[in-house]
Amino acid sequence: MMKKIIILSMMLLLSIGGAHSLQFASVTWKEFVRKSELVAEARIVKTEIINNTNHFTFELLDIYKGPGVKSVTIVQNMMYDGPLGKTGDTCFIAMKKKNSAWVFAVPGRSFWPVTHEQTPELKAIARVGIDDHLIREMPGLGKTKVRIHAWLLNGRVHVYEAEVYLLEDVKAFLKKELR
């Protein structure tokens, strides 16, 4: 009996793991757009945990594709999806309707956080976290090489170069491609 339980447990774990890893295979930009009913720049305005699920409410700041709604709320399973952010964070989201609820259009690729960095000249850089290994063939959107000034925990400064998607470039790309 114990052997059967162990075998069934292993099969369940392997099936969950396999489905989860397949979920993150890359897609083309055309496929991403086709699956997305709503693409928008958004701000997280409310986060709460209910029954081991994250509930995120996004205020839509600029809609590039889809209906003119003011906000959307999604429910995220904490076991499979990483954290999205905190209240006040800005991001880009791609959604679709499933039953009557909004869900990410392409799981693992439909949330692009906006983060802010600083140059050695103390200028602000807004960068967008697009994983271009998971969304490929994005014609007309290129990365920009920038120098980033990062404060370390010991009070020292580390300057490094990175290739990033700049916020203004992503906005221009989405306007051109989706409007």
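How many bridges join strand 8 (residues 124–128) to strand 11, and in which sense do the two strands run? The points below take up this question together with other features of the structure, which is a predicted model.

1. Overall make-up. The protein chain contains 3 helices and 11 strands. Along the sequence these elements follow the order α-β-α-β-β-β-β-β-β-β-β-β-β-α. Of its 179 residues, 33% count as buried.

2. Strand 8 and strand 11. In reply to the opening question, 2 bridges join these strands, and the strands run antiparallel. Within this pairing, Arg-127 has Leu-166 of strand 11 as its bridge partner. The side chain of Arg-127 also forms a salt bridge with Glu-117, with 3.5 Å between the closest N and O atoms. Since Arg-127 belongs to strand 8 and Glu-117 to strand 7 (residues 111–118), the contact ties together parts that are 10 residues apart in sequence. Glu-117 has a relative accessible area of 23% and is therefore partly exposed.

3. Strand 10 and strand 11. Strand 11 (residues 157–166) also pairs with strand 10 (residues 144–151), in the antiparallel sense and over 8 bridges. Here Ala-150 is the bridge partner of His-158 in strand 11. The two strands form a hairpin with 5 residues between them, and Gly-155 in the turn has a positive phi of about 90°.

4. A nonpolar surface patch. Trp-151, Val-157 and Val-159 form a nonpolar patch on the surface, and their accessible area together is about 290 Å². Of these residues, Val-157 lies in strand 11. Val-157 counts as partly exposed because its relative accessibility is 38%.

5. Strand 2 (residues 38–50) and strand 3 (residues 53–65) run antiparallel and are joined by 11 bridges; Ala-40 has Ile-63 in strand 3 as its bridge partner. Their hairpin has 2 residues between the strands, and Asn-51 takes a positive phi near 50° there. Strand 3 pairs with strand 4 (residues 71–77) as well, again in the antiparallel sense, over 7 bridges. In that pairing Asn-54 stands opposite Gln-76 of strand 4. The hairpin of strand 3 and strand 4 has 5 residues between the strands, with a positive phi near 115° at Gly-66.

6. Helix 3. This helix (residues 167–178) has 12 residues and reaches 16 Å from its first C-alpha to its last, close to the 16 Å expected. Its buried residues are Leu-167, Val-170, Phe-173, Leu-174 and Leu-178. Seen down the axis, the buried residues of helix 3 fall within an arc of 125°, so they line one face of the helix. An α-helix has 3.6 residues a turn, so residues three or four places apart point the same way. On the other side of helix 3, Glu-168 and Lys-176 are exposed.

7. The structure holds 11 salt bridges. One of them links Arg-179 to Asp-62, the closest N and O atoms being 2.4 Å apart. Arg-179 lies in the segment after helix 3 and Asp-62 in strand 3, so this pair ties together parts that are 117 residues apart in sequence. Arg-179 counts as exposed because its relative accessibility is 52%, whereas Asp-62, at 23%, is partly exposed. Another salt bridge joins the side chains of Lys-176 and Glu-177 (3.6 Å, N to O). Lys-176 is exposed at 59% relative accessibility, and Glu-177 is partly exposed at 30%.

Key:
Residues numbered from 1 in each chain as written. Predicted model: local features only at pLDDT ≥ 70, side-chain atom pairs only at ≥ 80, totals over all residues. Heavy atoms only, no water. Patch = residues over 30% accessible without salt bridge, like charges linked within 9 Å, V, L, I, M, F, W, Y side chains within 5 Å. Areas by Shrake-Rupley, 256 points an atom, 1.4 Å probe, with all protein chains shown as cover. Salt bridge = Lys/Arg side-chain N within 4 Å of Asp/Glu carboxyl O. Helix = DSSP H or I, 4+ residues; strand = E, 2+ residues; numbered from the N terminus. Buried < 20%, exposed > 50% of the residue type's maximum accessible area, 1.4 Å probe, protein only. Pairing = 2+ DSSP bridges. Expected span 1.5 Å × (residues − 1). Arc of directions from axis to C-beta.
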